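Please read it alongside the sequence and the coordinates.

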Amino acid sequence: MTAVSSVSAEAMRYERLSARALDGQLGPDPAGLRVAVAFTTRQAVRHDGRGTGYRNEVLGLRVGAAVGSCAVEPGAWDDDVVEDCAGASVDRLLRHPLTPVRVAALDAYLMHVTPHTPAHGALPVPVPAGTSLEKSRARARAVVGLLDLPPGATVLVVGVVNSLLEALRARRLGYIPCDFKGGVTEWGEAVVTDALAEAHRCDALLVSGMTLGNGTFEPLRRHALEHGKQLVMFAQTGSAVLPHFLGHGVSAVCAEPYPFFWLDGGPSTLHVYRGGVR
């Protein structure tokens, strides 16, 4: 991937993208759009045959037919936040004091304006019906397939998902797993907690969209730009936001808008983006 200039990097900061949305530069005035439904989705997972499990909580905001999402730490806030979002204008939520609300609002707005269609650069990838583990592995293969690396290369994985690590192992790629929660992987490997401190040891970055909500996306994007590394995003959080960074530090996105693969055993669809500026 070719690095772009520092001017372009500054112009494409997440905050700048949000400001452009507020100014109506990306579509209709967000003051004229309202969030009809606000909700949270909570899950606890322990796949058959796996020794570890995890929990997720995701804020969802619906604007028209679009749902924007942002993962939050389980139990991090109360229901008053969700109730405050219902009926609010998009421009107010783009200025909300809580980062996850701002991210979910921008995601909903951009999903409304630029949905995941071929006309907007998205390639649909079907995920067959199956168990939660089968669907997790299918998604992992699609995500890891976006990395253009030879065997033996090392990937920084930010947001540990064991199916992703399994898919990397199948391609004989090394990895450094990173997650704020720490702990160990399914194979007993230590999970580091400081992604940027480990990035220099890696040839490419495979990063969760959750980094938008916790403020760690921008430093990783800049690292990829400055060092000419591939940055592949797997995104339930901010699935409509991250394609706007293609060619500006992000090399590919596997976008998965709500409803996510883990909510239903039936077939579902991922949306893959590659390459240059959207």
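**Aromatic residues and lead points**

Phe260 counts as buried, with a relative accessibility of 2%; buried means under 20% relative accessible area, exposed over 50%, and partly exposed in between, with a 1.4 Å probe and protein chains only. The model is predicted: local features need pLDDT of at least 70, side-chain atom pairs count only at pLDDT 80 or more, and totals for chains, interfaces and linings use all residues. Residues are numbered from 1 along each chain as its sequence is written, and side-chain values use heavy atoms, with hydrogens and water left out.

*Aromatic pairs*

- Rings of Phe, Tyr and Trp (its six-membered ring) are taken to pair if their centres lie within 6.5 Å; planes under 30 degrees apart count as stacked, over 60 as edge-to-face and the rest as tilted.
- By this rule there are four aromatic pairs.
- One of them joins Tyr258 to Phe260 in an edge-to-face arrangement, with 5.3 Å centre to centre and 80° between the planes.
- Phe260 also pairs with Trp262, here in a tilted arrangement, at 5.3 Å centre to centre and 45° between the planes.
- Tyr258 is partly exposed at a relative accessible area of 27%, whereas Trp262 is buried at 16%.
- Phe39, Tyr258, Phe260 and Trp262 are linked by ring pairs into a cluster.

- Helices (H or I, at least four residues) and strands (E, at least two) are DSSP runs, numbered from the N terminus.
- Two strands pair if DSSP finds at least two bridges between them.
- Strand β9 covers residues 252-255; Ala252 and Cys254 point one way from the strand, Val253 and Ala255 point the other way, and all are buried.
- In a regular strand the side chains alternate between the two faces of the sheet.
- Strand β8 (residues 230-235) pairs with β9 in the parallel sense over four bridges, and Ala255 in β9 is the bridge partner of Ala235.
- Strand β10 (residues 268-274) pairs with β9 in the antiparallel sense, also over four bridges; Val272 in β10 stands opposite Cys254.

*Cysteines*

- A disulfide is defined as a pair of cysteine sulfur atoms within 2.5 Å, and by this rule the count is zero.
- Cys178 is in no disulfide, and its nearest cysteine sulfur, that of Cys202, is 9.4 Å away.
- Cys254 is likewise in no disulfide; the nearest cysteine sulfur belongs to Cys70, at 18 Å.
- Cys178 counts as buried at 2% relative accessibility, and Cys254 counts as buried at 2%.

*Cavity*

- On a 1 Å grid over the protein atoms alone, a cavity is a set of points where a 1.4 Å probe fits but cannot get out, and a pocket is an open set with protein on both sides within 12 Å along at least five of seven lines; lining residues have an atom within 4 Å of a point.
- Grid points are joined across faces, edges and corners, and a volume is the space filled by probe spheres set on the points.
- The count comes to one cavity of 30 Å³ or more, and the largest cavity holds about 30 Å³ of space.
- Its lining consists of Arg55, Asn56, Glu57, Ala71, Val72, Glu73, Pro74, Lys181 and Met210.
- β2 (54-63) and β3 (66-72) each supply at least two residues of this lining, and the largest share, three residues, comes from β2.
- The lining of the largest cavity divides into four nonpolar, one polar and four charged residues, where Ala, Val, Leu, Ile, Met, Phe, Trp, Tyr, Cys and Pro count as nonpolar, Asp, Glu, Lys and Arg as charged, and the others, Gly among them, as polar.

- α2 (14-22), α5 (99-113), α9 (210-214) and α10 each supply at least two lining residues, and α2 gives the most, with three.
- By class, the lining of the second largest pocket has four nonpolar, four polar and three charged residues.
- Helix α10 (residues 217-227) has Phe217, Glu218, Leu220, Arg221, His223, Ala224 and Leu225 as its buried residues.
- Gly228 follows α10 and has a positive phi, near 60°.
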